[in-house]
Amino acid sequence: MPGTGTPTSGTPASGARGTARPATDDAHPPTTTSRALRVAIIGGGPGGLYAAALLKRLDPARDITVWERNAPDQTFGFGVVLSDETLGGIEHADPVVHAALRRDFVRWDDIDIVHRGTRHRSGGHGFAALGRHRLLAILHERCRSLGVRIRFRTEAPHPDALRAEYDLVIAADGVHSATRDTYAQVFRPQVTEHRCRYIWLAADFPFDAFRFEIAETEHGVIQLHGYPYAADSSTVIVEMREEVWRAAGYDRLDPRASVERCAKLFADALRGRPLRSGNSTWTSFRTVVNDRWSHGNVVLLGDAAHTAHFSIGSGTKLAVEDALALAACLEEQPDVPTALAAYEEERRPVVASTQRAARASLEWFENVRLYLRQPPRQFAFNLLTRSRRVTHDNLRLRDARFTGSVEREFGCPPGTPPMFTPFRLRGLTLRNRVVVSPMDMYSAADGVPGDFHLVHLGARALGGAGLVMTEMVCVSPEGRITPGCAGLYTGRQAEAWRRVTDFVHRQSPGTAIGVQLGHSGRKGSTKLMWEGIDEPLPTGNWPLVAASPLPYKPGSQIPRELSRARLTDIREQFTAAAWRAARAGFDLLELHCGHGYLLSGFLSPLTNHRTDAYGGPLERRLRFPLEVFDAVRGVWPAERPMTVRISATDWADGGTGAEDAVEIARAFAAHGADAIDVSTGQVVAEERPEFGRSYQTPFADRIRQEVRVPVVAVGAISSWDDVNSLILAGRTDLCALARPHLYDPHWTLHAAAEQGYEGPGAPWPAPYRAGSRPPRTGRTDAPKPRLSLGG
């Protein structure tokens, strides 16, 4: 959910519990939870204090001590926001704490976005906040009433001493955790410092909404995040990129002058009032991830284990939920090691999901300058949906008026979801924004598509998508990935493809069909996917070629480095295949320059080690792919669009990254590409992708904003709500979906039916119209009982 300190929706206080397994093989005697535990807690923040209170309440015989090096009233930050899910968990676990929190909470519903002098308000969000000092005071009182010892202004003993003396040591010592550092070889932390500087401040009046304000200065963009946390106070966070912070001179100002300058910059938002710092200083956010969360009887909790950017307000929320889960696991499991394993198994996926959302939000604010040219309502919608946890559909439920205004500004006809608005590429108008992504079927014979392809592609064309793409169609026998790959290197293959395009145009008028042309390069001569993906054929191998003689993975065939003469041959193979594709009736052609295939192999420094004119810096690595693009564009009909698929990152050190992808896209756009199809990875076998919902879309978004070229977003886009959200936010122009179309060939038509849409963007084929409503699954109109008798 948007906002500094904003709760993230849909995250339960404790998740599903799986079968516990030991988290560590460290030599520490298992401690049964059937006897009273001695518990040491390092750190007296909300997570550590709440864990102490819960554990003591569940078993008063437990001996629990909390070490806090600061004074009781010394803390970082001002206001804390907790979600309804977290509050529900607190109410169930400790009604006393919940009642105390309720008495002090400030609640509000609205979010304000102020950009270029215009304020847009979105309602229906529902927030609750209180002062951090007050939260700590409530937890201090609860711990004292239960008999927990809190040692303020006292450094905790060394973790080695604590783990020897106590049955359980909870390290809740924050983002700079000394405990985590002590056992770094076990926890294996990864700490990422990000690009923005920010400072926690406060104002002595309450905002009446969450407020985001964007200031465009001569030095760059500076943003304000503000929200009330008491009847007379608000948290104010000022944030900017490091280079803006330095250019504006904040690095040279003393603390008082720095705060005064922030107040002057956002004088309208603050109503001319001053800001106070509470000894806060400028800092950079650090994302903390640990491979393990426990070591013997030591366990990490809250920021010591993980952090999530303040723009989705998850630090205190996650720490409190950690405490709830840890306490529950210690009750349920027979001993401490098993309980710690169960705790980590339960919390890790929840935390990973939150961190993905927080990373998306963090990066949005790092790159907010890219969106400044957006129409004002679209900018506001983009900000609200930046983490992908707030979507078009749930924002429409919260505030239909605001969402409707964004749709009208975008150009949606009344009653038309964004995904069903048309989109034009050169001379081709797509009736909606849904693309059936290229998917290798490995079902051709000698490169000839047969009945399978006719049914496969024909069914998805009848299913309502605006554009249906073929699998990668190979330009030569040697350019195939497997013996089952389709081609366009013979007239017979072109005739077979004509049968498919004729069916689509005749039976599903208005649906476009595109062909993706490619060459396997070093990833060829392998088994069919279901027989062993990327594994070499046991017999019948053909020789491979590539930018450099590097095998894809150990045991793969070593390709030959392409000579200049062979580069010319391959370029001509592409042009011949493109000519046949035009004759076969395809509406769009995509050049495959991603996923580690031949042209992609030239683009990545990990796969191109050439020392001639086709290797070295990016502009030289681009040379051959651009030569092929120009040659294909030269024979492809001028009125038909041509796109390029790229891998925007190799997900590997030293490989192509997001900045390179922008330059690659810029080069193809300058040569006439009508859109860039932005995928990632599959270039090197040692890649480490960061999987997650819509995980590749930020790369498409950045290319769209920086290059100003239409883009196709792909990668774990699975719902029509995701498609609507991405389109309306201006992060992409088209959305390509693969697996959803395997699961449901009529995915687009069903998306229209589920949204109650019956317009020209998704017409049902005449023979299928009777199926445009879901069938009844059983009687639902039986009389309901009017009287219930108790025993």
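**Entry 1: two helices.** I began with helix H2 (residues 84–93) and helix H11 (residues 315–332), whose axes come within 10 Å and cross at roughly 35°. I noted that this crossing of H2 and H11 is left-handed. On the H2 side, I found that the contact is made by Thr86, Gly89, Ile90 and Ala93. On the H11 side, Lys317, Val320, Glu321 and Leu324 take part. I record here that the model is a predicted one.

**Entry 2: Thr307.** I next looked up Thr307, which lies in the loop between strand S16 (298–300) and H11.

**Entry 3: Ser525.** I then located Ser525 in the loop between strand S21 (512–518) and H18. Ser525 counts as buried because its relative accessibility is 1%. Which residues is Ser525 in contact with, leaving aside neighbours within four places in sequence? I found Arg480, Ile481, Pro536, Leu537, Asn541, Trp542, Leu544 and Gln557.

**Entry 4: a surface patch.** Finally, I turned to Met529, which is found in helix H18 (residues 529–532). At 41% relative accessibility, I classed Met529 as partly exposed. Met529 forms a nonpolar patch on the surface with Trp530 and Ile533. Together, these three residues have about 340 Å² of accessible area.

Methods. Residues are numbered from 1 along each chain as its sequence is written. This is a predicted model: local features need pLDDT of at least 70, side-chain atom pairs count only at pLDDT 80 or more; totals for chains, interfaces and linings use all residues. Side-chain values use heavy atoms; hydrogens and water are left out. Patches are made of residues with over 30% relative accessible area and no salt bridge: like charges are joined within 9 Å, nonpolar side chains (Val, Leu, Ile, Met, Phe, Trp, Tyr) within 5 Å. Accessible areas come from the Shrake-Rupley method with a 1.4 Å probe; for residues, only the protein chains shown count as cover. A salt bridge is a side-chain nitrogen of Lys or Arg within 4 Å of a carboxyl oxygen of Asp or Glu. Helices (H or I, at least four residues) and strands (E, at least two) are DSSP runs, numbered from the N terminus. Buried means under 20% relative accessible area, exposed over 50%, partly exposed in between (1.4 Å probe, protein chains only). Axes are lines fitted to C-alpha atoms, for helices over the stretch in contact, and angles run from 0 to 180 degrees between N-to-C directions. A crossing is left-handed if the near helix is turned anticlockwise from the far one by less than a right angle, and right-handed if clockwise. Contact means heavy atoms within 4.5 Å.
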